[in-house]
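Visitor: Please take me through this structure, topic by topic.

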Amino acid sequence: MTTDVSSDPATLALRSARLAAQGLGRGLATPRDVVERLVCVQAQDLAAAKWVLGARVPGSHETTIDAAIDDRSLLRSWPMRGTLHFVAPEMLRPILGLTSGRLMQRAAKNHRDEGIDDAVHGAARAIAVRELEGGRSASRDELQAAWEAAGIPITGQRGYHLIWRLAIEGVLCCGPIDTRARQRFVLLDEWSPARSSDPDDPDETLARLFVGYARGHGPVTVHDFAWWTGLTVTQARTAVAAAGDAVVAFSGDRHVVAESAPESEPQPATGGPSRHVLAPFDEYFLGYPDRTAFCSAEDGLRVVPGKNGLFLPILVADGEVVGTWRRSPERRGATAVEVSPFGAGFELAEFMPAFGRWADFWSTSLGEVTVPGAFEKG
């Protein structure tokens with residue numbers, strides 16, 4: 001069963017507000033605008049994350065996102081939750097200043113198990129700097145090969161943990177596009193030098209981060225923010241206090257940015273698309289610890305089958321998650337799609353414009369779109 005979209009006006013208002021905050025209503029102009037709106041966009045799957053941005057920039061293509069990466073309008077690194085995100089360049093170092101200590105504490109056992117002590121880390125750092133300085137870049141394989149050649153084993157997850165630790169410390173970040181699904185590594189200070197305008201006070205960073213989260217995900221609670229950032233609830237409360245009158249109450253304990261606060265009872269959004277074909281790990285689903293406002297607990301298990309951390313792409317109708325979908329490998333210039341609806345009221349035709357937009361983004365032709373089983377539409 002799915003969430004009943006018609007029975008609860010408060011839930012309808014919440015969905016409407018979040019769709020607008022996420023940039024899924026009328027859309028945004030550039031990938032940089034999306035990242036500024038959402039502050040951080042989870043991006044451990046680079047190809048999927050490109051569509052997270054593209055779905056919010058009407059008329060964009062994969063090359064639009066690649067260009068924004070290569071011109072350094074946005075960065076990809078591990079700013080929070082130990083996971084890759086797109087982030088605005090001016091916010092990466094300040095966010096790491098808040099999160100890196102807790103991230104390193106949580107990783108301490110893994111690093112001990114992998115034999116990554118201070119001596120190994122120092123040697124790996126020196127080699128990475130040597131390989132990358134002067135504006136050079138390296139793939140993950142090339143960087144790990146340099147370590148192995150210097151007598152630093154990279155078996156198992158050791159090489160990954162070394163890269164992750166150097167990124168958490170602000171030494172490395174992802175740089176130019178290498179393949180559709182990979183970037184090369186660069187030195188952060190060369191690729192995106194710090195600027196005097198970057199926030200350097202922890203409370204200012206907390207305030208900016210909470211205002212940004214409320215702007216791009218709101219309405220949200222203090223506990224939503226603590227979960228999303230991986231910070232403590234105490235830090236989250238400090239963030240709300242530091243934000244001051246930039247955020248206001250929406251309903252209950254949820255906050256929105258003051259500039260978007262409704263003057264009257266919120267109404268369903270109009271003027272933008274109501275059906276969305278979204279990527280796995282899209283912030284609309286992933287950006288909240290409690291997803292029951294737009295997806296029942298039962299259907300949530302269909303989005304994350306097996307609770308293994310792998311999220312399927314989702315279909316959203318008027319703010320409700322109503323199904324998942326899968327693409328097939330491209331054949332003869334066309335890409336077929338299989339849709340798995342969550343309920344019998346699903347209308348495939350309503351999603352065809354959104355699927356066409358997705359195919360255009362990837363510069364492919366949309367092949368057959370099928371709904372197998374009892375829900376199939378002729």
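Visitor: How many bridges join strand β10 to strand β11?
Guide: There are five bridges between β10 (residues 320-327) and β11 (residues 334-341), and the two strands run antiparallel. Strands count as paired if DSSP finds at least two bridges between them. The element names follow DSSP runs numbered from the N terminus: helices are H or I runs of at least four residues, strands are E runs of at least two.

Visitor: What should I know about the model itself?
Guide: It is a predicted model, in which local features need pLDDT of at least 70 and side-chain atom pairs count only at pLDDT 80 or more, whereas totals for chains, interfaces and linings use all residues. Residues are numbered from 1 along each chain as its sequence is written, and side-chain values use heavy atoms, with hydrogens and water left out.

Visitor: Back to the strands: what stands opposite Thr 324?
Guide: Ser 340 of β11 does.

Visitor: In what order do the strands of the open sheet come?
Guide: The order of the five strands is β8-β9-β10-β11-β12, with mixed pairing. At the edges are β8 (275-278) and β12 (365-370), each of which pairs on one side only. On average, neighbouring strands are turned by 30° against each other, direction ignored. Axes here are lines fitted to C-alpha atoms, for helices over the stretch in contact, and angles run from 0 to 180 degrees between N-to-C directions.

Visitor: Which helix packs on the sheet?
Guide: Helix α15 (residues 352-361) does, touching β8, β9 (314-317), β10, β11 and β12. Its direction makes about 140° with that of β12. Contact is defined as heavy atoms within 4.5 Å.

Visitor: Changing topic: at what angle do the axes of α2 and α10 cross?
Guide: The axes of α2 (residues 31-38) and α10 (residues 202-217) cross at roughly 115° and come within 6 Å. That makes α2 roughly perpendicular to α10. By the convention used, angles under 35 degrees are roughly parallel, over 145 roughly antiparallel, 65 to 115 roughly perpendicular and the rest oblique.

Visitor: Which residues make the contact?
Guide: From α2 come Glu 36, Arg 37 and Leu 38; from α10 come Gly 212, Arg 215, Gly 216 and His 217. By class these are one nonpolar, three polar and three charged. Nonpolar covers Ala, Val, Leu, Ile, Met, Phe, Trp, Tyr, Cys and Pro; charged covers Asp, Glu, Lys and Arg; the others, Gly among them, are polar.

Visitor: And α10 with α12, how do their axes cross?
Guide: The axes of α10 and α12 (residues 233-243) come within 8 Å and cross at roughly 85°, which means that α10 is roughly perpendicular to α12. In this contact, Asp 203, Leu 206, Ala 207, Phe 210 and Val 211 of α10 meet Gln 235, Thr 238, Ala 239, Val 240, Ala 242 and Ala 243 of α12. The classes are eight nonpolar, two polar and one charged.

Visitor: Which helix gives the largest share of its lining?
Guide: Helix α5 (residues 89-113) does, with four residues. The lining includes Arg 81, Thr 229, Gly 230 and Leu 231.

Visitor: What about the second largest pocket, which residues are closest to its centre?
Guide: Of 17 lining residues, those are Arg 76, Arg 140, Ala 181, Arg 182 and Phe 185. The pocket has a volume of about 340 Å³. Strand β5 (182-187) is among the elements giving two or more residues, and it gives the most, three.

Definitions and conventions: On a 1 Å grid over the protein atoms alone, a cavity is a set of points where a 1.4 Å probe fits but cannot get out, and a pocket is an open set with protein on both sides within 12 Å along at least five of seven lines; lining residues have an atom within 4 Å of a point. Grid points are joined across faces, edges and corners, and a volume is the space filled by probe spheres set on the points.
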